[in-house]
Amino acid sequence: MKPLLPAVLALLPLLLPGTASARTVYRCVQNNTVSLATAPEPGSKCKAQQIDDNAVQAPNLWGNMGVFSGTLYEREQDGQLVYSTRNLPGSRVFLKFTVATPPGEPAHEGLGKVGAPQLNRHAKQFKAAARATGVDDAWLRAIAHAESGFDAGAVSPKGAQGVMQLMPDTATELGVSDPLSAEQSINGGARYLKALLARYKGDRTLAAAAYNAGIGAVTRYKGVPPYAETLAYVEKVGALYARYREAMGFKPETPAR
């Protein structure tokens, strides 16, 4: 049994038997309304999309629509059962679902776990990157710890690579030719974090949120995006930053009075 519409974020049950490794899902538009279906819908303009059933992250076929609830309908078309999120004549309710879009955001919890500081991991590279960019050494290490656990060969399910888990497009923009090189990854990540800190006037929380979910998401939500992954990530980085500062001999930060 395979997920029929992984683009509905795996909220739909296992519907059809089969061992296919990919399926065709149709994104159909009619009067500025979007539906997903297993066959072209009469009266709609539909575009076929190939979906890999084994993909870790389902592609976002909806677009930017926020969180919404919908219904998956079942009906017969050309002698076969087909499924659609549009209520067409002859349809019957199959199930209800709620989906958060866009699920294609790069937000993630990070591969590293909160734990004891690891000051010996890539120490020279972090010190050099901190000196070159002016970004706090302890914060660079906290980000790397949260992102990859300092694993230079780490590759996330969403395609982020290296110690600083740079996405391919970001790595290219930063001039990182080998994202699995610890030195290149740390230097590139430090430059990116420097730019984010400048953008958010030194606000590390917003910079961490943008590093995790993207500048667009932070702009759209006018702050930390309400994604569970991003909220967990920001909290993780904050905890790690405090631990790295303490391990490096800095006094704990406290609120101004």
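Threonine 24 is located in strand 3, which spans residues 22-30. The model in which this residue is described is a predicted one. With a relative accessible area of 28%, threonine 24 counts as partly exposed, because that class lies between the 20% limit for buried residues and the 50% limit for exposed ones. Leaving aside residues up to four places away in sequence, threonine 24 touches Thr38, Ala48, Gln49 and Gln50.

**The protein as a whole**

The secondary structure consists of seven helices and eight strands. Of the 257 residues in the protein, 45% are buried. Among contacts with a separation of 6 or more, 54% join residues 24 or more positions apart. The protein exposes about 13,200 Å², and carbon and sulfur atoms supply 52% of that area.

**Two helix pairs**

The crossing of helix 1 with helix 2 is right-handed. On the side of helix 1, the contact is made by Ala123, Phe126, Lys127, Ala129 and Ala130, and on the side of helix 2 by Asp137, Leu140, Arg141 and Ala144. Sorted by class, this contact of helix 1 with helix 2 comprises six nonpolar, no polar and three charged residues.

Helix 2 passes helix 7 in a right-handed crossing. Helix 2 contributes Ala138, Trp139, Arg141, Ala142, Ile143, His145, Ala146 and Glu147 to this contact, while helix 7 contributes Tyr233, Lys236, Val237, Leu240, Tyr241, Tyr244 and Arg245. By class, the contact of helix 2 with helix 7 holds 10 nonpolar, one polar and four charged residues.

**A mostly covered helix**

Helix 5 runs over residues 204-213 and is mostly covered, with seven of its 10 residues buried. The buried residues are Ala207, Ala208, Ala209, Ala210, Tyr211, Asn212 and Ala213. Their cover includes helix 2, helix 4 (182-199), helix 6 (215-221) and helix 7 (228-247).

**Two loop residues with positive phi**

Most residues other than glycine have a negative phi. Histidine 122 has a phi near 55°, a positive value in a residue that is not glycine. Histidine 122 lies in the loop between strand 8 (92-100) and helix 1.

Lysine 222 likewise is not a glycine, and its phi is positive at about 55°. The loop that holds lysine 222 is the one between helix 6 and helix 7. Is lysine 222 buried or exposed? Lysine 222 is exposed, since its relative accessible area is 79% and the exposed class begins over 50%.

Note on methods: Residues are numbered from 1 along each chain as its sequence is written. This is a predicted model: local features need pLDDT of at least 70, side-chain atom pairs count only at pLDDT 80 or more; totals for chains, interfaces and linings use all residues. Side-chain values use heavy atoms; hydrogens and water are left out. Helices (H or I, at least four residues) and strands (E, at least two) are DSSP runs, numbered from the N terminus. Buried means under 20% relative accessible area, exposed over 50%, partly exposed in between (1.4 Å probe, protein chains only). Contact means heavy atoms within 4.5 Å. Accessible areas come from the Shrake-Rupley method with a 1.4 Å probe; for residues, only the protein chains shown count as cover. A crossing is left-handed if the near helix is turned anticlockwise from the far one by less than a right angle, and right-handed if clockwise. Ala, Val, Leu, Ile, Met, Phe, Trp, Tyr, Cys and Pro count as nonpolar, Asp, Glu, Lys and Arg as charged, and the others, Gly among them, as polar.
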